[in-house]
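These are my notebook entries on one protein model. I record what I looked up, entry by entry, with the cut-offs I applied.

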Amino acid sequence: MLTTTALRTGSIAVLDYRCTVDRQARPYPELHDRCSVSYVRAGSFGYRVGGRTYELVAGSVVVGRSGDEYVCTHEHHDGGDECLSFHLAPEVAEALGTRPGVWRSTGLPPIPALMVLGELAQAAADGTVDVGVEEAGIRFAARLAEIVTGRAERTPAVSARDRGRAVETAMWIDAHAHETVDLERTAAVAGWSPFHFLRVFAATLGVTPHQYLVRSRLRHAARILAETSRAVTDVAYDVGFADLSNFVRTFRRAAGISPGAFRQAARGERGLVRKRLAAGAIGT
């Protein structure tokens, strides 16, 4: 079993499981330490819990309740399996699972609404989309709660006071975009739980906190690239990106060109204006 931690905060832990156990391995009991939801990305395995066995394949979902004992088997597949698992802090699980039946250890078959969100969460964990992995995990768990209970969460009614607080927090994000900023930190600035903050912020501004953070960084980067000759690597780190490749990929996805090409285009525009001014073509 190989486990990679994609994210760990006080409110959620995102774990990337890659199991290499073969069918001859003897299964053993394990314990869910938190309420969790796991998206089966590849492979297959059995999940025994509460006297029932669930056969899980790519697209299936494992739900775990804190304190429940379970056993995983690998009788049908020698290639192993891969799961992206979201382990929720008690307060987050409580906020998501306010209705009976949400946190019951079980296995769910491939469900389209969860499969697409599972793949989105995996892309977020891989850093290939403009979505925060913790936001994707909470979104996945919230959709699971809706499906299990048969009741969709309503878009929250946001008061004028809360809208103002969301705007103030957005301004704080923009001012601190060069720092390490995550959902838990921004929720603390707003004075809300991560789940409530995520819902109110998105309902007020039309983007999630992570999306706004990334776009703030891109906006700052674009200004620096256009106005200075600082190295692209320095620009990436200074505006808050953790590595150059992520910055280049994200910038290209947003602008359609690389940071270097954007700088050249900006210089070309400035050069054109200067030439026109010198020739008297502007302002005459």
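I took a polar contact to be a pair of N or O atoms within 3.5 Å; within protein, one atom must be able to donate a hydrogen and the other to accept it, and residues adjacent in sequence count only if both atoms are side-chain atoms. I note that this is a predicted model, in which local features need pLDDT of at least 70 and side-chain atom pairs count only at pLDDT 80 or more, while totals for chains, interfaces and linings use all residues. Residues are numbered from 1 along each chain as its sequence is written, and side-chain values use heavy atoms, with hydrogens and water left out.

**Entry: Ser-105**

I looked up the polar contacts of Ser-105 first. Its side chain reaches the backbone nitrogen of Arg-65 at 2.8 Å. The side chains of Ser-105 and Asp-68 are joined by a polar contact of 2.7 Å. I located Ser-105 in the loop between helix H1 (90-96) and strand S10 (106-108); helices (H or I, at least four residues) and strands (E, at least two) are DSSP runs, numbered from the N terminus. Is Ser-105 buried or exposed? Ser-105 is buried, at a relative accessible area of 8%; buried means under 20% relative accessible area, exposed over 50% and partly exposed in between, with a 1.4 Å probe and protein chains only. I then listed its contacts (heavy atoms within 4.5 Å). Neighbours within four places in sequence aside, Ser-105 touches His-32, Tyr-47, Val-49, Val-63, Gly-64, Arg-65 and Asp-68.

**Entry: Arg-263**

I found Arg-263 in helix H10 (residues 259-278). Arg-263 is buried yet has no salt bridge, and the nearest side chain of opposite charge, Asp-234, lies 8.9 Å away. A salt bridge here is a side-chain nitrogen of Lys or Arg within 4 Å of a carboxyl oxygen of Asp or Glu. For charge, Lys and Arg count as positive and Asp and Glu as negative; His and the chain ends are not counted. Beyond four places in sequence, the contacts of Arg-263 include Ile-224, Leu-225, Thr-228 and Ser-229. Arg-230, Val-232 and Val-235 are also among them.

**Entry: cysteines**

I searched the whole structure for disulfides (cysteine sulfur atoms within 2.5 Å) and found zero. I recorded Cys-19 as buried at 4% relative accessibility and Cys-83 as buried at 7%.

**Entry: aromatic rings**

I counted ten aromatic pairs in the structure. Rings of Phe, Tyr and Trp (its six-membered ring) pair if their centres lie within 6.5 Å; planes under 30 degrees apart count as stacked, over 60 as edge-to-face and the rest as tilted. Trp-192 is buried at 13%, and Phe-197 is buried at 0%. Phe-241 and Phe-247 also form a tilted pair, with centres 5.1 Å apart and planes at 55°. Phe-241 is buried at 5% and Phe-247 at 0%. One aromatic cluster is formed by Trp-192, Phe-197, Phe-201 and Tyr-212.

**Entry: whole protein**

I noted ten helices and ten strands. Of the 284 residues in the protein, 44% are buried. Among contacts between residues at least 6 apart in sequence, 69% join residues at least 24 apart.
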